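User: Could you go through this structure with me? I am new to reading models of this kind.

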Amino acid sequence: MSINTPKEIATLAIQAGIAKNRLSIPTLFILGVMAGAFIATGFLLDIHVIGTMPAEWGSFAGFVGAAVFPVGLIMTVLAGGELLTGNMLLLPLARFAGGISTMGVIRNWLWVTLANFVGSLAVAYFFGHMLGLTEGAFLGKTVAIAQAKMNADFLHAFVSGIGCNWLVCLGVWIAFASKDVVGKVVGMWFPVMAFVAIGFQHVVANMFIIPAAIFAGQATWAQCLPNLVAVFLGNAVGGAGFVGLAYFLAYRPASAQATADLASALQKTQADLAPTTPTLKAVND
C-alpha cells in the first residue's frame, strides 16, 4: 500500500518517540532551536501576507495567512527538527507503550521547550525587530495578534491550546500515513491551516509573536509568561491526551519491545538498501 494504516501509524509513532528519547542533549538543543526558528518563520510569513491586506477582505485575509503558516511544521518534519508540540504526542505515546520512562518525557520536553524558545526569540529579535519585519507597516497586525493572545484568561488560553495541538498532532499523525513527500506535506497542511484560521493558540508560535510585540515596546514579559504557561498545558493535553492516549487506547499498538525490534529491523533494511535506493526519512515531529 502507498499509505500506512492508522494502526501502523501508532507503531511508527511509538518508534519515533523511542528514537527521540535516545537523542543526546546537544542534538535535542540544536534541532529544537531550528524547529523554533522554523515555526517563527512560518508566523513571520503569515504576518507579511496579511499585514497590509485591505480590511474589506475580512476573514479571507486570515485564511490566506493560515494557508502559508504550515511551512514551519513542514520544514520541521522534512528538514529535521525537535518541536515541543509534536513531541507532546510522540513521547507520551512511547511512554504509554512502556518504551520510555516518565523522566525521559520530562527531559525531552524541558530541553526542547528551552531550545524552541531560543529559536523563536532569535527570529523575533533579529528578523522581526532588527530588520523591522514585524514593525513598521506590520506593527499593527503584530501587536493585535499578540494582544489577543495575552488578553485571553487562563482557562480560555488553556482550552485554546488543547484545540491547537489536537489539530497539530493530527497533522503529524496524518504525515506518518504517507510514504512520500507530497503526501506528508498535504497531510500536515490541512490541520495546521485549520488551527491558524480558527485562532487556536500554539505555545511555540506564541514564543515568537509575543516577544516580537515586546521588542517593539508594546507588551511586557510579565504579560507573556502566564500565556505561555496556560498554552503549554493546553497543548500538552491536546497532544498527549486527545491524540496520543486516544489512539493508544483505540489501537493498542505492539508492545515496546516489539516496536524496538521493528525499529532495528527497519534500520538494518535501510542500511542494506542505502547504497542503491534513497529512503524517505520517517516523520521527525
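This is a predicted model: local features need pLDDT of at least 70, side-chain atom pairs count only at pLDDT 80 or more; totals for chains, interfaces and linings use all residues.

User: Where do E82 and K20 lie?

Analyst: K20 belongs to helix 1 (residues 6-21), while E82 is in the loop between helix 4 (71-79) and helix 5 (84-96), so the pair ties together parts that are 62 residues apart in sequence.

User: Are E82 and K20 buried or exposed?

Analyst: Both E82 and K20 are buried.

User: New topic: which residues are buried in helix 3?

Analyst: In helix 3 (residues 59-68), the buried residues include A61, G65 and A66. They cover an arc of only 140° around the axis, which puts them on the same side of helix 3.

User: And what covers the buried residues of helix 3?

Analyst: The covering parts include helix 2 (25-50) and helix 9 (181-198).

User: What does UniProt list as "transmembrane region"?

Analyst: The unreviewed UniProt entry lists several ranges, among them residues 28-51 and 88-106.

User: How much helix is there over residues 28-51?

Analyst: Residues 28-51 are 96% helix and 0% strand, with the end C-alpha atoms 34 Å apart.

User: And what about residues 88-106?

Analyst: There the chain is 74% helix and 0% strand, and the end C-alpha atoms are 10 Å apart.

Conventions. Residues are numbered from 1 along each chain as its sequence is written. Side-chain values use heavy atoms; hydrogens and water are left out. Helices (H or I, at least four residues) and strands (E, at least two) are DSSP runs, numbered from the N terminus. Buried means under 20% relative accessible area, exposed over 50%, partly exposed in between (1.4 Å probe, protein chains only). The arc is that of the directions from the helix axis to the C-beta atoms. Contact means heavy atoms within 4.5 Å. UniProt positions are given in the numbering used here, feature names are shortened, and annotations may be inferred rather than shown by experiment.
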